[in-house]
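Please look through the structure shown here, and then work through the questions that follow it.

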Amino acid sequence: MYSDWHEFKRDTLSLTPYIRYTENMTIIRQDDFIASIADALQYISYYHPPDFIRALNEAYEKEQSTAAKDAIAQILINSRLCAEGHRPICQDTGIVTVFLKIGMHVEWEAAMSVEAMVNEAVHRAYTDAENPLRSSIVSDPAGARKNTNDNTPAVIHTEVVSGDKVDIVVAAKGAGSENKAHFTVLNPSDDIVEWVLATVPKMGAGWCPPGILGIGIGGTAEKALLMAKEALLKPINIHELKTRGAKTSIEKLRLELYKKINTLGIGAQGLGGVTTVLDVKIRDYPTHAASLPVAIIPNCAATRHAHITLDGSGPATLTPPVLEDWPNIVWEAGAHAKKVDLDHITKEQIETWQPGETLLLSGKLLTGRDTAHKRITGLLANDEPLPKGLDFTNRFIYYVGPVDAVRDEAVGPAGPTTATRMDKFTDVMLEQTGLLGMIGKAERGPDTIDSIRRHRAVYLIATGGAAYLISKSIRKAHIIAFKELGMEAVYEFEVEDMPVTVAVDSRGNSIHTSGPKEWHSRLAGIPITTAG
Ligand code: SF4
């Protein structure tokens with residue numbers, strides 16, 4: 001008679017291979033699994049991977065475009081501030097994606113399902129009292145689009161593999177870069193390089209370059225996209241590859257694409273410059289003889305991912321980087337920037353601003369993004385009044401959805417969101433509200449540029465991926481309208497020396513057109529014929 005089940009197994013069945021197998025199982029406890037993922041999500045919210053810092057610093061060192069160099073400097077300074085302050089690199093703290101490889105020799109000591117444990121970790125990480133992260137996830141995406149308020153659920157990919165460990169990669173992907181994913185199925189005889197070089201310019205600047213391109217080639221439609229995402233999670237090593245030379249067709253393709261994409265001259269934030277991609281990562285898989293699926297997913301200035309392993313000995317820990325990993329960069333653009341008093345600004349002053357010029361804004365501005373614009377233009381269309389106190393006359397609007405403030409902050413990290421999404425509202429806003437100009441990131445469409453020109457307005461950009469640095473220039477913040485929208489509410493910010501660049505001037509000249517054109521000409525050795 002056996003009083004203990006383990007004793008029974010050992011004594012009666014230990015000679016069979018099957019029982020030896022079960023006795024060597026690694027026990028993974030629920031609390032360890034949840035705590036490890038929650039800690040990793042907090043970690044990646046404020047620490048860039050060291051390989052990204054090194055690659056970005058190299059790009060900074062070799063950048064020749066003043067505007068692009070300035071943007072990279074802001075991203076690097078922001079990165080260091082976030083590491084020191086344990087606050088998010090970007091206001092968009094991303095949608096969580098988790099890749100799990102669960103060893104077949106793993107046994108769970110858990111009451112929750114694996115999916116429920118991952119989502120509990122996301123809940124804990126995003127509602128952390130010391131460093132709350134922005135809740136960006138909405139349920140019912142085709143309908144009510146209601147914020148889930150804790151950034152759950154995560155997107156989870158699970159594989160069961162040999163071994164006795166649980167291997168976890170966590171990533172938090174901002175929408176600006178995720179929205180620029182592209183997929184196609186080429187004919188087998190088509191040229192992949194040609195398709196990628198035609199596609200990257202269409203991605204515009206909303207993915208906050210310079211970053212990394214993940215490319216998946218082969219398999220099926222969904223496999224190609226998944227491989228593109230997985231490729232982004234590998235370390236940046238294009239320089240090692242350049243040094244040792246390509247040994248496979250995929251390595252050859254990486255080198256060719258890296259060179260040719262950078263020759264496009266898109267540059268940091270799409271301002272025109274030497275570096276658009278820090279690396280091109282590719283994964284491939286056998287495919288059907290009649291197919292050539294290809295997917296691209298870019299990773300942005302807020303590159304966030306970490307790799308941890310659970311071996312049954314407790315929660316996984318990540319080693320924090322040391323501050324020496326960050327270059328000591330001094331932001332010099334402020335020295336020659338034009339100071340602007342937002343509270344006494346006139347159309348005549350705005351008309352003197354040139355594309356590419358750096359401004360330091362002080363005074364009051366309003367904020368608003370997708371849902372607020374939809375509501376405001378809806379009210380205007382129905383001849384209904386705007387909410388009390390919401391008056392855009394002679395004001396600027398900043399497209400932003402900030403992170404909640406902690407401690408003595410006026411507001412949490414508050415970088416710009418992609419302005420292109422607001423294009424369809426801009427003409428109405430300029431025509432009917434008395435708005436003077438807008439601040440966001442990335443390019444505007446041709447109709448919006450024409451509207452800016454007709455209204456003698458202006459479009460300014462702040463640096464995407466420099467959210468914590470930008471928040472340091474926001475002295476006061478309070479909600480003016482649509483409080484129920486959370487981070488999408490309309491705030492009034494009082495800013496002091498907030499750095500921005502003129503992107504579309506009052507004559508309709510766009511730096512997102514002229515900058516890349518000029519730098520493509522220079523890098524490709526083509527004579528420059530126009531700057532417009
Ligand atoms: S760096 Fe740009 S694309 Fe990336 S999360 Fe931030 S705003 Fe979005």
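A residue counts as near a molecule if one of its heavy atoms lies within 4 Å of it. The model is predicted.

Q: Which residues come nearest to the ligand?
A: The shell around the ligand has five nonpolar, six polar and three charged residues. Of the 14 residues around the ligand, those that come nearest are C90, C208, C300, A302 and K441.

Q: Is Q269 buried or exposed?
A: Q269 is placed in the loop between helix 11 (249–263) and strand 10 (277–285), and its contacts include C208, P209 and H512. A residue is called buried when its relative accessible area is under 20%. Because the relative accessible area of Q269 is 3%, this residue is buried.

Q: Which residue's backbone nitrogen does the side chain of Q269 reach?
A: Among the residues that Q269 touches are A462, T463 and G464. The side chain of Q269 reaches a backbone nitrogen at 2.9 Å, and that nitrogen belongs to G464.

Q: Which residue forms a salt bridge with R444?
A: Side chains of opposite charge can pair when their charged atoms come close. In the salt bridge of R444, the closest N and O atoms are 2.7 Å apart, and the partner is D423.

Q: How many residues apart in sequence are the parts that E496 and R475 tie together?
A: The side chains of E496 and R475 meet in a salt bridge, with N to O at 3.1 Å. E496 lies in strand 19 and R475 in strand 18 (residues 474–481), so the pair ties together parts whose separation in sequence is 21 residues.

How values were computed
Residues numbered from 1 in each chain as written. Predicted model: local features only at pLDDT ≥ 70, side-chain atom pairs only at ≥ 80, totals over all residues. Heavy atoms only, no water. Nonpolar A, V, L, I, M, F, W, Y, C, P; charged D, E, K, R; others polar. Helix = DSSP H or I, 4+ residues; strand = E, 2+ residues; numbered from the N terminus. Buried < 20%, exposed > 50% of the residue type's maximum accessible area, 1.4 Å probe, protein only. Polar contact = N/O pair within 3.5 Å; in protein donor to acceptor, adjacent residues only side chain to side chain. Contact = heavy atoms within 4.5 Å. Salt bridge = Lys/Arg side-chain N within 4 Å of Asp/Glu carboxyl O. Lists of a residue's contacts leave out its neighbours within four places in sequence.
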